[in-house]
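Reader: I'd like to go through this model with you. Can we start with the sheet and then turn to a chain contact?

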Amino acid sequence: MLDWLGTIIQGVLLGGLYALFAAGLSLIFGIMRLVNLAHGDLIVLAAFAILALASWFGIDPLFAALFAMPAMFAAGFALQHLLLNRTLGRDLLPPLLVTFGLSIIIQNGLLEAFTADSRRLRLGAIETASIQLGGGLAIGVIPLLTLVSAIAVILLLNLLFYRTALGRAFRATADDLEIAQLMGIDHHRIYSTAMAVAMVVATIAALYLGVSANFDPTIGPARLIYAFEAVIIGGLGSLWGTLAGGIIIGVAQTVGAKINPEWQILAGHLAFLAVVLLRPRGLFPRAED
Amino acid sequence: MAEGNGKPLMEPARYRIETNTRASRLLALAGIALVLMLAALPTFAGRGLIQDLIFVFYMLALAQCWNLLAGYAGLVSVGQQAFVGLGGYLLFALTIGAGVDPIAATVLSGIIAAVFAVPTAFVVFRLRGPYFAIGSWVVAEVYRLVFAQFKQLGGGTGTSLPPSVTNEVFGIEWVKATFEVRAPAARDIITYWIALALAAGAPLLVYLVLRSRYGLALFAIRDSEATAESAGVDSFRTKLGVYVLVAAVTAMTGALIYLQKARISPDAAFSVLDWSAYVIFIVVIGGVGTIEGPIAGVIVFYALQRYLADFGTWYLIFLGALAIVTMLFAPKGIWGYVAQRYHVALFPLRRRLVRR
Amino acid sequence: MTTPMLETRGLTARYGDFQALYGIDTVIAPGETIAIIGANGAGKSSYLKAIAGLVRAEPGSVLFEGRPIGGLGAANVLKLGIAMVPEGRRLFASLTVEENLLIGNYGRKVAGAWSLDSIYALFPALKARRTAPSQTLSGGEQQMVAIGRALMSNPRVLLCDEISLGLAPIVIRSVYDAMPRIKQNGTSIVLVEQDIAQAMKVADRVYCFQEGRVSLVGCPAELTREQVHLAYFGH
């Protein structure tokens, strides 16, 4: 019994990591309906940026991440402003193909710059530290920090969305683009700002990705599919829903792995399909769609 | 309107609906000639060219299928690799497990895949738009992970076609004798003809579907699903029909691909990059929503693969940049741009009202 | 002769192959209230949308205080001081009543008569529902929010597209009761209306559109029913 509890706790913590991957995607998808096939690769890009900054300046990855965040903010703004704003429209396909092209460019660009070697972000002793919960259960400090960070990020994003004028503008633009323009909102600027914020979140996700597992230029797409599953299960426009989605996928994966290690990823996908069959619009969708 | 004495005021005009143009009739003849020429190609072409053309043909078949699904039925799927892999594995299962001849197995794979496609459709049709795209990708991943569990078919590492299968293809003795080649080359020639049949048949099939009443329903759904439904179109059944048809042809193509490769593994057979990303690239660069588009796209893609693939990562970066640039400046693709500029259509689909 | 607040010269509007307006000439003086009446499809909404920047117009065909503003785009037009109450209310569904009002001055923050407090004074019913999700309000209340939202930017010109549509007569009256207060500030108002009686009551002048063209101009007091009927229906 306790064994299963341990598995579920591991799943919840894993879900925190998936929620971090998904939070940026949820933001972008919620506001501009953009299916960003390059999101996973952008997280990997941020991870390499942290790695590079850490090794060039000889600093801790945590500090490197703090420096990487403004850089990724600017990069996200530029990416949206120069490229993605031009492909957004009624059609699903152009942004799909553009972000696919972007994904390929980032992966191969990173391969050229950093080779295909596996990397890791080192934080020192804290990597293996764990907290005893009693009854023989223990949880890793890093996984716990990941979940706590995911919750903190979502709290901050919700603060942004629900307590600031910019957040109101985000929500209005997502609700009704035409009328938002009528309010004097420059939707291109809104989109660029949203992408910039999403890239900051991606940097945080990258830090935890790099610390908790080995990474190389090609792992983006695998992470992307979990992020999408979390966003879709959660429902359009709901960040807490995205967290719930991440946790559902995480728990499904750890429970599946416990039954048979080969079934880990399959279990996650089956959980996604199950939720989506029952609730095609997700668990907490916005009123309008 | 009738007058008092019951005689009609004027003769009712007689109309019929016409789709062919004179240009298209000529092109149809040219097309038939081309296919015949291509069929005769093995008499003088080298093995390298034959293998290259097999690649072109099966990518074209996949592209036409995806185009019908996404460009005409509006079902943008990132999960067609599910049926490519399914077709491949069905071929292996039927030939190795049941001793069925590979050519017959190819056709059977399509039929069996159609059966699988029905419940799959019921799952993915619950989703719309971008959700449908991701959902179809997840379903394909489920197929991949499930097939990786079948130890009889090689599990995660896959398996190969034994010589008992590859050397016993129907007609291989005749080909060996007629073209004076050995078994591997003879198998390639037979595979080539199957591929040619698929490559010529797919556009034709798509064209026939679109010219039928079924096609009218698709156009209506593409323009506005709600309006189409109010006009009596059963949108669910129409989409289901297209999905199942496309699944069958995709699976047959998958069977063919793995007949030629003679080696299958879950990661290769269900690869989202090879069987979705590149196919989507071909269709969209060529021109989505047109039958001519995928033809243009596959030619471009083949040229890129043939001459630039050696450049490794730089080639892929170029491919990505090409996708981006095309979407920015020619979102309708190469054929879309040409068709708009010069008002041509090789496969005319506009229905005109013509007086008799 | 003072520069008109808003003027259109030969305004045309197209939706793809369909032409909605065939050269509209109108003039609105500062502080004037104009009513645009006409049958469905006459082009009234297209006219407002062209001024508001939602529909493309030639630069010189729309003039604000003498300056050409055609083609500037909706966001820029708002910043200049022209606000629109769109047809069908179109409140933001995931914003509350108060948030809908607040978003009204996101693009243009100008001191003036209108603020949250004065709008709640104008429409007391809204104050009680300030934190309610906008979709839970009745049609009349939503219309009040839509008008308040447009007023928050303290516009020089207020465009109202069919604000009586779908509302019960008693509700329409309470919505229109707010008009005098809005006019008091010298705001020019352009009202597109199906409810001719209501429009004639508040307007200083009336334009009638028919199939994309101006068919009649005049002061409500001087126009006869026959004239209006002819201009409206064309026969």
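Predicted model: local features only at pLDDT ≥ 70, side-chain atom pairs only at ≥ 80, totals over all residues.

Reader: What is the strand order of the open sheet in chain C?

Author: The six strands run β6-β7-β8-β3-β9-β10, and the pairing is mixed. At the edges are β6 (82-85) and β10 (213-218) of chain C, each of which pairs on one side only. From one strand to the next, the twist averages 20°.

Reader: And β9 with β10 in chain C, parallel or antiparallel?

Author: Antiparallel: β9 (residues 205-210) of chain C and β10(C) pair over five bridges.

Reader: Which residue in β10(C) is the bridge partner of C:F209?

Author: That is C:V214.

Reader: Which strands does helix α1 of chain C lie across?

Author: Helix α1 (residues 44-52) of chain C lies across β3, β6, β7, β8 and β9 of chain C. Its direction is at about 145° to β7(C).

Reader: What about α10 of chain C?

Author: Helix α10 (residues 225-233) of chain C lies across β3, β9 and β10 of that chain, at about 35° to β9(C).

Reader: Switching topic. How many residues of chain A are in contact with chain C?

Author: 18 residues of chain A, against 22 residues of chain C.

Reader: Which element gives the largest share of the chain A side?

Author: α6(A), with six residues. Both α6 (165-175) and α7 (177-182) of chain A give two or more residues to that side.

Reader: How do the residues on that side divide into nonpolar, polar and charged?

Author: On the side of chain A that touches chain C, eight are nonpolar, two polar and eight charged.

Notes: Residues numbered from 1 in each chain as written. Chains lettered and ligands numbered in written order. Pairing = 2+ DSSP bridges. Helix = DSSP H or I, 4+ residues; strand = E, 2+ residues; numbered from the N terminus. Axes fitted to C-alpha atoms, helices over the stretch in contact; angles between N-to-C directions. Contact = placed C-beta atoms within 7 Å. Nonpolar A, V, L, I, M, F, W, Y, C, P; charged D, E, K, R; others polar.
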